[in-house]
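The sequence and structure come first.

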Amino acid sequence: MKSGIIGYPRIGETRELKFLIEKYFRKEIDEYALEEGAKKLREKQWKDIQRAGIDDITSNDFSYYDQVLDTVFLFNMIEKRYLELGLSNLDTYFAMARGYQGIKGDVKALAMKKWFNTNYHYIVPVVDENTKLKVNDDKIFRHFKEAKRLGIKTTPTIIGPFTLINLIDFKDSIEKTDIIDDLIACYKEVIANLSDLDATWIQIEEPFLVMDLNKSDIELFEYTYRKLLNSKGKLKIKLQTYFGDIRDCYQNIMALDFDGIGLDFIEGKETCHLIKKNGFPEKTFLYAGIVNGKNVWRTSYEKSINIIRKLKASIQEEYLVVNTSCSLLHVPYTVEDEYDVVKNHPLLAFAKEKLIELQDIVKLCKRDDPQKDIKFALNQQYFKKATELRAMKSDNLAKLLMEEDFIRKPNFKDRRDIQKKTLNLPLLPTTTIGSFPQTKEIRTMRSRYKKGKVSKAEYELFIDNKIESCIKLQEELNLDVLVHGEFERSDMVEFFGEKLAGFIFTKKAWVQSYGTRCVKPPIICDDIKRVEPMTLRETLYANQLTNKPVKGMLTGPVTILNWSFPREDISLEQIAYQIGMAIREEVLDLERHGVSIIQVDEAALKEKLPLRREEWGRDYLDWAIRAFRLVHSGVKPETQIHTHMCYSEFNEIIQHIDAMDADVISFEASRSSMDILEAIEKEEFQTEVGPGIYDIHSPRVPSVSELVSNTLKLLTKVRSEKLWINPDCGLKTRGERETIESLRNLVVARNKVLEIRL
């Protein structure tokens with residue numbers, strides 16, 4: 001029996017890759033220096049994994065931005081608008097991810113969406129009539145050779161053709177069947193080249209197989225892989241799935257000539273049953289994903305060994321590989337050099353520690369009586385103590401809540417009429433999503449305050465000065481609804497978690513969200529309660545500086561839950577209601593102090609949505625929507641409740657979003673060609689909407705004419721009295737100059753649209 005992983009965190013132990021790439025963006029280093037720094041990171045990671053004793057080590061999971069974009073670039077799916085810039089290969093790659101604005105032209109970035117049910121974002125491929133598929137890049141080969149020179153023979157990994165073709169945004173009436181043969185030819189070439197380089201295995205990642213599949217989907221999959229497998233030569237092919245089970249196509253997959261198949265035993269609810277019922281092909285390696293790649297809690301050795309024992313009834317031991325459930329990209333690097341509460345916590349394991357768990361499980365499975373092993377005993381003891389402690393504390397809040405706790409009165413239409421009179425906002429009101437640029441000065445001051453180098457009074461004076469400047473700027477720009485800028489907040493989830501009971505916080509537990517953007521999710525370890533006002537001081541200070549309304553800015557319960565590492569001993573529903581009650585108290589406190597507009601962001605509402613449609617309501621949406629309604633059901637009719645969502649495909653759940661019963665919702669629309677507008681029009685969406693009219697994840701400044709065009713497009717689908725004008729997300733990661741120019745253009749564009757329409 002052996003051990004393996006699907007992928008590893010690529011940002012480095014202290015976000016080295018992020019800082020390297022950002023230096024390149026600022027032209028402080030050249031491409032050679034960037035690649036040399038990245039090479040050192042890869043070497044360290046490969047050696048760490050090798051030292052841990054892992055047998056199956058991956059290569060090509062390292063990326064400068066996103067593994068889907070890497071695959072897009074590999075196969076020359078590069079739109080003409082990027083090629084016409086005449087940039088280097090690397091800068092063309094980054095232009096596709098971030099957009100480009102400079103002497104060579106002005107182009108927007110490709111769309112960005114959530115990677116299945118995670119907080120990782122991928123770049124959406126585009127295929128149009130100009131696309132000429134071919135093997136265009138050598139990264140997958142270079143990285144394999146690089147590891148080999150270090151004495152480490154790796155398994156190159158690649159996003160599979162079936163998943164890739166289902167992620168593509170097809171243009172010019174092109175369909176999947178138009179390109180499938182050319183795409184298969186590209187994969188065949190990659191396989192042949194790796195075989196020539198003396199690779200033994202290739203890992204082909206096909207997470208789309210855990211989605212709802214119809215007959216034509218399965219036929220396309222079978223067609224693709226029959227052609228690929230017939231020409232694999234001496235290279236062994238591992239089909240790797242994750243984020244669920246493959247119940248729709250299990251037998252179809254098993255009938256094909258794969259050398260190894262990776263299955264998820266954590267989120268794959270039916271995986272064990274499928275193997276027991278249908279069997280598993282002889283002399284085919286099963287990569288059993290029993291170590292959770294998406295959460296930070298230790299693996300129960302007892303449960304894992306029980307799964308392995310059941311599998312041995314169908315599979316010979318030498319064909320079993322103990323694997324992670326998905327790539328370790330989704331967890332932090334290591335607990336080493338963490339705060340003591342994290343480092344010494346008996347039940348926490350990050351990526352590096354999960355490597356040890358994989359090896360422990362392999363060794364324990366080889367023992368006749370693993371229960372006599374000290375590691376097994378310690379593992380059991382950790383879980384026993386934690387269970388006993390939590391059982392004493394946990395209350396089931398869901399049973400205490402009444403139906404009226406989830407219903408706001410009066411109804412939406414009556415509230416809207418009241419709010420129109422009390423707020424007296426102009427047509428097409430302008431606002432921002434909440435955060436303003438967080439400069440190095442702000443981050444340094446926050447760090448010094450946390451380290452005790454400046455007093456609370458000094459820190460609060462600094463923040464007040466920033467708020468004052470932010471309010472003054474927004475008044476000068478003539479925005480209608482203002483924000484205080486969120487300068488006191490490191491992160492929209494971490495900030496609230498630090499003020500709530502029930503969380504553990506980390507020093508360096510960074511996880512990649514997209515590109516160089518990393519987040520540090522808090523860890524939910526206990527019951528959650530509000531112990532003090534969280535946003536009152538800054539919001540009230542901002543309010544006294546202006547006669548315009550200033551939004552109270554909060555993060556919603558579902559987003560706090562989804563962007564944290566949750567407990568595993570109680571249901572997600574219970575945790576969501578606990579957070580909902582805490583945020584509800586803050587909402588009512590803001591209202592009592594005269595705040596008339598309160599935004600409760602649910603940026604991550606869709607993130608934990610089950611990948612199978614039949615489980616949407618029963619397993620998630622019912623309680624997720626109720627958790628949000630719990631937050632605002634107690635406010636007065638005059639109080640306007642906003643929410644915000646970003647970078648997910650909301651079209652299919654638009655009715656559920658309307659059922660959140662917010663008064664205004666803003667969401668990402670600029671990168672997705674504003675496709676959601678069709679769904680809003682079709683479903684007669686009642687909530688007022690603010691589809692973002694420009695992309696804040698790109699450094700480019702949109703022109704007035706571009707923003708006028710985007711706004712007029714919105715008005716073809718949304719009535720003017722229901723439309724708000726805003727960017728598509730918070731401005732925290734943007735520079736000050738580009739932020740001011742973009743917002744100035746936004747206001748000018750709104751005014752021009754009013755002139756045109758009125």
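In this predicted model, helix α1 (residues 16-25) packs against helix α5 (residues 89-98) at an angle of about 100°, their axes lying 13 Å apart, and the two helices are therefore roughly perpendicular to each other. On the α1 side, Ile21, Tyr24 and Phe25 meet Leu90, Asp91, Phe94 and Arg98 of α5.

A search of the whole structure finds 63 salt bridges, and the table lists some of them.

| Pair | Closest N to O distance |
|---|---|
| Lys153 and Asp198 | 3.7 Å |
| Arg737 and Glu741 | 2.8 Å |

Asp198, in the loop between α8 (176-196) and β10 (201-205), is 50 residues from its partner Lys148 in helix α6 (residues 139-149), a pair that links distant parts of the chain. Asp198 is partly exposed at 38% relative accessibility, and its pairing with Lys153, in the loop between α6 and β8 (155-159), spans 45 residues. Glu741 and Arg737, by contrast, are four residues apart in helix α28 (residues 736-757) and so are separated by about one helical turn; Arg737 is exposed, with a relative accessible area of 52%. Elsewhere, salt bridges that share partners join Asp212, Asp245, Arg247, Asp248, Lys269, Arg612, Glu614 and Glu615 into one network.

Lys354, in helix α14 (residues 351-365), is buried yet has no salt bridge, the nearest side chain of opposite charge being that of Glu357 at 4.4 Å. The side chain of Lys354 instead reaches the backbone oxygen of Asn292 at 3.1 Å, and the residues that Lys354 touches include Val291, Trp297, Leu328 and Ala349.

Notes:
Residues numbered from 1 in each chain as written. Predicted model: local features only at pLDDT ≥ 70, side-chain atom pairs only at ≥ 80, totals over all residues. Heavy atoms only, no water. Buried < 20%, exposed > 50% of the residue type's maximum accessible area, 1.4 Å probe, protein only. Lys, Arg positive; Asp, Glu negative; His and termini not counted. Salt bridge = Lys/Arg side-chain N within 4 Å of Asp/Glu carboxyl O. Polar contact = N/O pair within 3.5 Å; in protein donor to acceptor, adjacent residues only side chain to side chain. Contact = heavy atoms within 4.5 Å. Axes fitted to C-alpha atoms, helices over the stretch in contact; angles between N-to-C directions. Parallel < 35°, antiparallel > 145°, perpendicular 65-115°, else oblique. Lists of a residue's contacts leave out its neighbours within four places in sequence.
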